[in-house]
Structure formats: structure tokens, C-alpha cells
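Reader: Please show me the sequence and the model. I have some questions about them.

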Amino acid sequence: MKRFELISAADVPAAAQARSVTVADAMRTKGGRPATDAVVLKAGGIDLLDLMKEGLLEPGRIVNLRDIPELARISEEPDGTLRIGSMVTLAQLAADPAVRARHAALADAAGRSASPQIRHVATIGGNLLQRPRCWYFRSLHHHCARKGGTTCFAFAGENQHHAIFGHDGCAIVHPSTAATALVAFNASVELFAAKRGTRVVALEKFFLGPSQDLSRENDLKSGEILTAVVLPPARPGMRSAHLRQGELESFDWPIADVAVVIEVEPNGVCRRASVVLGAAAPVPYRAKGAEAALVGKRISEDAARGAAVAAIAGAAPLGKNAYKVPVFEALVRRAILDTARTA
């Protein structure tokens, strides 16, 4: 790891004046090595330090955001909107009474991410912005398509943990489990820049697939800070569930995870549904067929089974990850039935 300067920002405007670049931009190579004069922002630092230890990132300056109190708060607005500061830890998010009461799928997703030690350090902002965990992307010896090369080595290589949907030129899966639940809740992110002020972007549109941009996973601009995640008010009859499947149920990244949010009429009929798959595609994958299959029906074993089949329609597994298809089908069915049990 190369030497670097570490400074702490006292507030958001000071951090925004640091002339930071995104980690994706800082990783762009010059003569085969990443830039050594880049300024990057640090949240929990879990992924940042991993990239530095792997030799993929060599910033000249790191700006620490941990000393900005306003970024570490969860607050509720009068209309029920929940605002989660980007420096809120996964452990804090999982334990928050308001989150657990109204957005249980998010609390469960955060509480099952990584290990207890990491959850007390990792932040929701850093979790959403972490870079892919594909072993070819993380290897200094593979100049893959996402790092400016011409080849996605996963297509013909070790792809057992890779995408079964949307792998248009790059087979990564999005690494954030919390993102799966947040997209299901139609969350937005607030992004602050010194000259432009704050912009608000729906999280589902904030994430970028390979067909939109092969070099980055989101629409964060240089000089911007992700300051908050915003959850719309819980609607009447809203229920949610999150399930994940890992190898040997370890604390490693899941091989599949699913978030389901449904809104049920007083007569038990589903009027709106969100079904989102994680570890399935380069972005959290909204299973629109499954959502359509649930609307207008009572939640039952038959309805859940039909929606689960619809969720995996169009899957295009690679050579070594076809096992994911039945895993996702089972998780979708179980998650839908779990929402009925929360009534």
C-alpha cells in the first residue's frame, strides 16, 4: 500500500470542496497503474482499504467523512418519509425501531450483511457505492472490460457467482445486499456537490448497468457526496420480507437474495408489489413479471409459486451458475409467503 494523506472533513460543504473524484475514476490506470494524485472520500473504509491493499487504488489524499454528525443520523419527517444519513452503519440501520417497524426487509438485509464486526463499521453510503467483488475485477493480473480492457473473463471462466440477468458485456453482480431492499422500497439518494447543490435520484436509476456504462456502477459524479438515502412513507397495508442464501450460510456475499414489498387491500388482495433480486445482475434486478403476477391476487401458495416462476423468466445463466435459477425461484416464493405471515 502506498503512502497517502488522511484528512477529516468537519461538515458536508468542507468535504465537497476537497475536489474528490469517484473511486471508479481514481482506479483508471495511467501506464498500467492507478493514478497516485487522486482525492477520494472515505465512509466506513471497508471497500476502500480492500482496493488499496489489492493494489487497484492508490489515492494521494483520503477525505474522512466519519466526523460529520449530520450524516450519521436517521430522521423521520412529518409525512413519514425516512431519511437515512449516508454514514449510518449497517448495525445502526438494522436495529433502528422505525426502520424495523415499517421497512423490515431493509432492517433484515442490513442485519444479515457481512459479519457483526463489519456491520458496526460499514456505512449504508459506502455499502451502496462499493465496487464489484468479481475476482477478475479484483485481480491485478486481469485487465478486464470494467477496468478498460476488452474482455470479461467471467464469461468463459469461473462464473459460479456471477450474473444470470443483464450481463451485457460484463457479468458482475451488484455487491450491496441493502440495495436489493432499498430498490424494492423505491428509495432515492441525495447527492451534494459544492457548485450544483443537492440532487435527488431514484436509487433504481442511480445504478448503471453495463449497457449504460461499462466502467462504473452508478451515476455518482466527481465532487459529489452521497449524503442520504430517502425512503418514502410506508403505505397502508404495506408488508415486506428479505431472504438471502449464502454458501454454508457464511457471512460472505450472498449467492442470491430477494426483497419483496407488497401492499394489500383490506380484503387481502394485492394492489401493488415490488420483487427485487440481488446477486442476480449488475444492478438490483426488478422482476417485473413477478410483480405483475401478484397484483390483483390474494397472497397464497399458488400465487407465490406463479410469481416465482415469472421472476426467473428470461434468465440466461452462464456455464457454472445455472444453479442460481432454482435458488432464486425458491427464495422469491418463500419471501412472498413471508409477507403474508407478517399481517
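**Cysteines, salt bridges and overall build**

Author: A search of the whole structure finds zero disulfides, a disulfide being a pair of cysteine sulfur atoms within 2.5 Å. This is a predicted model, where local features need pLDDT of at least 70, side-chain atom pairs count only at pLDDT 80 or more, and totals for chains, interfaces and linings use all residues. Residues are numbered from 1 along each chain as its sequence is written, and side-chain values use heavy atoms, with hydrogens and water left out.

Reader: How far is the sulfur of Cys-134 from the closest cysteine sulfur?

Author: A disulfide is a covalent bond between the sulfur atoms of two cysteines. For Cys-134, the closest cysteine sulfur is in Cys-144. That is too far for a bond, the distance being 6.3 Å.

Reader: Is Cys-134 buried or exposed?

Author: Buried means under 20% relative accessible area, exposed over 50%, and partly exposed in between (1.4 Å probe, protein chains only). Cys-134 has 12% relative accessibility. So Cys-134 counts as buried.

Reader: What is the relative accessible area of Cys-270?

Author: Cys-270 is another buried residue. Its relative accessible area is 2%.

Reader: How many salt bridges does the count come to?

Author: Side chains of opposite charge can pair when their charged atoms come close. The rule asks for a side-chain nitrogen of Lys or Arg within 4 Å of a carboxyl oxygen of Asp or Glu. By this rule the salt bridges number 29.

Reader: Which residue forms a salt bridge with Arg-83?

Author: The closest N and O atoms of the pair are 2.6 Å apart. The pair links distant parts of the chain, 107 residues apart: Arg-83 is in strand β7 (residues 82–85), and its partner is in strand β8 (residues 188–193). Helices (H or I, at least four residues) and strands (E, at least two) are DSSP runs, numbered from the N terminus.

Reader: Which strand holds Glu-224, the salt-bridge partner of Arg-199?

Author: The closest N and O atoms of Arg-199 and Glu-224 are 2.6 Å apart. The two residues are 25 apart in the chain, with Arg-199 in strand β9 (residues 197–202) and Glu-224 in strand β10 (residues 224–231). Arg-199 counts as partly exposed at 24% relative accessibility, while Glu-224 counts as buried at 3%. The strand asked for is β10.

Reader: What is the N to O distance in the salt bridge of Arg-271 and Glu-265?

Author: Arg-271 counts as partly exposed at 26% relative accessibility. Glu-265 also counts as partly exposed, at 31%. Their side chains meet in a salt bridge with an N to O distance of 3.4 Å.

Reader: Where is Arg-19, a residue with positive phi that is not a glycine?

Author: Phi of Arg-19 is about 60 degrees. Arg-19 is exposed, with a relative accessible area of 73%. It is found in the loop between α1 and α2.

Reader: Is Ala-279 buried or exposed?

Author: Ala-279 lies in the loop between β13 (270–278) and β14 (285–286). Its phi is near 60 degrees, a positive value in a residue other than glycine. Its relative accessible area is 6%, so Ala-279 is buried.

Reader: Which residues does Ser-20 touch, not counting residues up to four places away in sequence?

Author: Ser-20 is found in the loop between α1 (12–16) and α2 (23–26). Ser-20 is buried, with a relative accessible area of 6%. Contact means heavy atoms within 4.5 Å. Ser-20 touches Val-39, Val-40, Leu-41, Ser-222 and Gly-223.

Reader: What is the radius of gyration of the chain?

Author: The chain has 13 helices and 14 strands. The radius is taken over C-alpha atoms, and the globule rule is 2.2 Å times the number of residues to the power 0.38. For 343 residues the rule gives 20 Å, and the chain comes close to that, so it is as compact as a globular protein of that length. Its radius of gyration is 20 Å.

Reader: What percentage of the residues in the chain is buried?

Author: The C-alpha atoms fill a box of roughly 60 × 50 × 35 Å, taken along the principal axes. Among contacts between residues at least 6 apart in sequence, 63% join residues at least 24 apart. Of the 343 residues in the chain, the buried share is 55%.
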